[in-house]
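Please examine the sequence and the model shown here.

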Amino acid sequence: MSDWGPVFVSIVLFVLLTPGLLFQIPGRSRCIEFGNFQTSGASILIHSLLYFGLVCIFFLAVKIHLCKLCKVMAADWAPVVISVVLFVLLSPGLLFQLPAKGRVVAFGSMQTSGISILVHTIIFFGLITIFLLAIGVHIYSG
């Protein structure tokens with residue numbers, strides 16, 4: 001049976017922690033800025049560390065699952081590793097922004113928008129669903 005817990009938590013955290021949507025740490029001119037739709041390498045690094053910490057708490061400590069039949073024997077690091085890597089790679093504006101302002105795609109623009117966050121979230125959802133549910137990637141420690 002498929003466990004949608006890690007997928008659901010990963011997507012919610014992706015949206016909430018995307019730099020520039022709700023907040024950006026560090027901001028362009030202040031320590032923290034709210035809703036500026038900007039990003040930077042430093043803010044993606046900080047937001048990625050926050051994302052990593054939260055997914056570790058939810059997946060390894062709290063063990064969030066949406067499947068009563070799912071039996072977890074050992075700590076599975078796959079949801080953590082895959083979701084953090086996808087968070088970094090799909091942060092709008094770092095590698096690419098789809099769609100970009102006035103263009104279909106922009107590379108390294110360090111900009112974002114509501115529609116870009118939506119499109120990147122859909123891509124994130126597709127990829128994390130493929131890796132965790134369709135392929136069933138697992139990384140066990142110890």
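Ser40 is located in the loop that joins strand 2 (33-34) to helix 2, where helices (H or I, at least four residues) and strands (E, at least two) are DSSP runs numbered from the N terminus. This is a predicted model, in which local features need pLDDT of at least 70 and side-chain atom pairs count only at pLDDT 80 or more, while totals for chains, interfaces and linings use all residues. Residues are numbered from 1 along each chain as its sequence is written, and side-chain values use heavy atoms, with hydrogens and water left out.

Ser40 counts as buried because its relative accessibility is 17%; buried means under 20% relative accessible area, exposed over 50%, and partly exposed in between (1.4 Å probe, protein chains only). With neighbours within four places in sequence set aside, Ser40 is in contact (heavy atoms within 4.5 Å) with Gln24, Pro26 and Met110. Gly35 also lies in the loop between strand 2 and helix 2, but at 37% relative accessibility this glycine counts as partly exposed. Apart from neighbours within four places in sequence, the contacts of Gly35 are Gly20, Leu21, Leu22 and Phe23. Between Gly35 and Leu54, 19 residues apart in sequence, the C-alpha to C-alpha separation is 21 Å.

The helices come next. Two packed helices are described by the angle between their axes and the distance between the axes. For helix 1 and helix 3, the axes come within 11 Å and cross at roughly 30 degrees; axes are lines fitted to C-alpha atoms, for helices over the stretch in contact, and angles run from 0 to 180 degrees between N-to-C directions. Helix 1 and helix 3 are therefore roughly parallel to each other, given that angles under 35 degrees count as roughly parallel, over 145 as roughly antiparallel, 65 to 115 as roughly perpendicular and the rest as oblique. Pro6, Ser10, Leu13, Phe14 and Leu17 of helix 1 make the contact with Pro79, Ser83, Leu86 and Phe87 of helix 3. By class, this contact has seven nonpolar, two polar and no charged residues; Ala, Val, Leu, Ile, Met, Phe, Trp, Tyr, Cys and Pro count as nonpolar, Asp, Glu, Lys and Arg as charged, and the others, Gly among them, as polar.

Helix 3 also packs against helix 4, at an angle of about 155 degrees and with the axes 11 Å apart. Helix 3 is therefore roughly antiparallel to helix 4. From helix 3, the contact involves Ala78, Pro79, Ile82, Ser83, Leu86 and Phe87, and from helix 4 it involves Phe124, Leu127, Ile128, Phe131 and Leu132. The classes here are ten nonpolar, one polar and no charged residues.

Which residues touch the most other members of the largest nonpolar core? They are Tyr51, Val55, Phe124 and Ile128, in a core of 24 residues; such a core is a set of buried Ala, Val, Leu, Ile, Met, Phe, Trp, Tyr and Cys residues joined through side-chain atoms within 4.5 Å. At least two residues of this core come from each of helix 1 (5-17), helix 2 (41-61), helix 3 (78-89) and helix 4 (114-134). Beyond its neighbours within four places in sequence, Ile128 is in contact with Val7, Ser10, Ile82, Ser83, Leu86 and Leu133.

Val84 lies in helix 3 and, at 16% relative accessibility, counts as buried. Not counting residues up to four places away in sequence, Val84 touches Tyr51, Phe52 and Val55. Val84 and Phe124 are 40 residues apart along the chain, and their C-alpha atoms are separated by 11 Å.
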